[in-house]
Amino acid sequence: MSKQRQRGIVVSASNTGHLPVVVVGAGPIGLAAAARLVERGLEPLVLEAGPSAATAVRGWAHVRLFSTWAEVTDPAAEKLLAPTGWVRPDGAAYPTGGDWAEHYLQPLADVLGDRVRYDATVTGVARAGRDRIVDAGREEQPFTVHLCTADGHEERITARAVIDASGTWSTPSPMGANGLPALGEKSAAGHISYRVPNLDDPAVRARYAGRRTAVVGSGASAFTALAHLADLAKQEAGTHAVWILRRGIGAGTFGGGEADELPARGALGLRAKAAVEDGYASAVTGFRTEAVERDGDRLALVADDGRRLDPVDEVIVLTGLRPDLSFLSEIRLGLDERLQAPTALAPLIDPNVHSCGTVYPHGVKELSHPEEGLYLAGMKSYGRAPTFLAMTGYEQVRSIAAALAGDQEAAERVELTLPETGVCGGAGLFDEPGGAEEPAGGCCATPTTLQIGTGGC
């Protein structure tokens, strides 16, 4: 790409075809989008805030997916990788986040070469010469993408279209039950984590060993944290978890157990249940956190009904993720008022109605916004909905690339072929394929699900 183009020199509306399609984020969906654009003869430019591909995935490198290799690679990406001698790992094996990044995502980014820029944080997207108020000539103008490099240098790139696949990893939901941080939550940040801890890391292990830790959340990530802390408690005296649930414990709290259509999810729930029953964790139900109060060097959680829990040393908050829309403030988005997902997509993924088994493949039609040429894809397209289907995400960017190439028929055609009995995945606990907790094939008629780091899985 020419230096002139990178600096965002003004171009005429009739001469935007040579401009790149900017893809925000070099994660699995962003890189798949780039592969699809290359397949269509379009030039992508992937902007990644981190120093390498899949920065967010590397953040949960210690977590193993419920999903197999066959379900987490994109066909167009595999075609790009094939000439390098790359061979997909055993399709029936289950990668960790680290495996996924090292053996697929980084090699894919390497093949794309200088089409991927690292340490490039997108700070704004707009129409050239138009703020969000201006109508006149708006659609004829290219996009301008503002970014900041690691050394603080600012740049402006001109683009024909923008695909925002930046995900939601960077914006975990807070502890407060009303969606806002609890009183005192920010000031207690030194004792609060929003990630599943990697207890194989000595420094992380020391943070929780022999201590009392509150785990806030009710999904797969909370189950994972509880199971890991229970394992630590068996080895380190004084280690105990306090599980904070906003609801009560019912028949479905721990999943389906042995009867669960997703064996690994059932096993995960049973591990969390055992942590409570064996005394390594205690459950507090109906607790909606309103405040975090200091109690010496410890923290006390206070509920909206006035209950105050005994102090804890650490808090792990796993209450979900949400999209960062701040750098899209000058773009006209059509978002559902509840989920913050594209208006046409929201009814298809509403967790009040749908589970992973009832979310269907979708594409450019459901992902379009009032701002033509701007798309949210991947986890970010799901807004606050907790269940993202990876194979469906790959279908999203296939459809978007077709539309940008002018092939509307292909864009509107559903090309995703789901296995007869696909696997809904998530954060796993089993160590190696073939272990006692390995997911069996044929669990349910749905595609792959990625629910890493979320509390509402």
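Me: Two strands pair if DSSP finds at least two bridges between them. In strand 8, which residue is the bridge partner of Val22?

Reply: The model is predicted: local features need pLDDT of at least 70 and side-chain atom pairs count only at pLDDT 80 or more, while totals for chains, interfaces and linings use all residues. Residues are numbered from 1 along each chain as its sequence is written, and side-chain values use heavy atoms, without hydrogens and water. Strand 1 (residues 21-24) runs parallel to strand 8 (residues 161-164), with four bridges between them; strands (E, at least two residues) and helices (H or I, at least four) are DSSP runs numbered from the N terminus. Within strand 8, Val22 has as its bridge partner Val162.

Me: In what order do the five strands of the open sheet lie?

Reply: The pairing in this sheet is parallel. Strand 4 (116-117) and strand 16 (374-376) each pair on one side only, so they are the edge strands. The order is 4-2-1-8-16.

Me: How far apart are the end C-alpha atoms of helix 5?

Reply: Helix 5 covers residues 97-112, which is 16 residues.

Me: At which residue in helix 5 does the kink lie?

Reply: The bend at a residue is the angle between axes fitted to the seven residues ending there and the seven starting there. In helix 5 it reaches about 35 degrees shortly before Pro107, at Leu105.

Me: How many residues apart in sequence are the parts that Arg332 and Asp135 tie together?

Reply: Their side chains form a salt bridge at 2.8 Å, N to O, where the term means a side-chain nitrogen of Lys or Arg within 4 Å of a carboxyl oxygen of Asp or Glu. Arg332 lies in the loop between strand 15 (314-317) and helix 9 (346-349), and Asp135 in the loop between strand 5 (120-127) and strand 6 (143-149), so the parts tied together are apart in sequence by 197 residues.

Me: Is Asp313 buried or exposed?

Reply: Asp313 forms a salt bridge with Arg298, with 3.2 Å between the closest N and O atoms. Arg298 is partly exposed at 29% relative accessibility; buried means under 20% relative accessible area, exposed over 50% and partly exposed in between (1.4 Å probe, protein chains only). At 15%, Asp313 counts as buried.

Me: How many salt bridges does a search of the whole structure find?

Reply: Asp295 and Arg308 form one, at 3.7 Å, N to O. Glu395, Arg398, Glu409, Arg413 and Glu415 are linked in a network of them. The search of the whole structure finds 24.

Me: Which geometry does the ring pair of Phe223 and Trp243 have?

Reply: Rings of Phe, Tyr and Trp (its six-membered ring) pair if their centres lie within 6.5 Å; planes under 30 degrees apart count as stacked, over 60 as edge-to-face and the rest as tilted. Phe223 and Trp243 are both buried. Their ring centres are 6.0 Å apart and their planes lie at 75 degrees, so the pair is edge-to-face.

Me: Over the face of which residue does Arg195 lie?

Reply: A charge sits over a ring if NZ of Lys or CZ of Arg is within 6 Å of the ring centre and within 35 degrees of the ring normal. Arg127 sits over Phe143 in this way, 4.1 Å from the ring centre. For Arg195 the distance to the ring centre is 3.6 Å, and the ring belongs to Trp169.

Notes
The expected span of a helix is 1.5 Å times one less than its number of residues.
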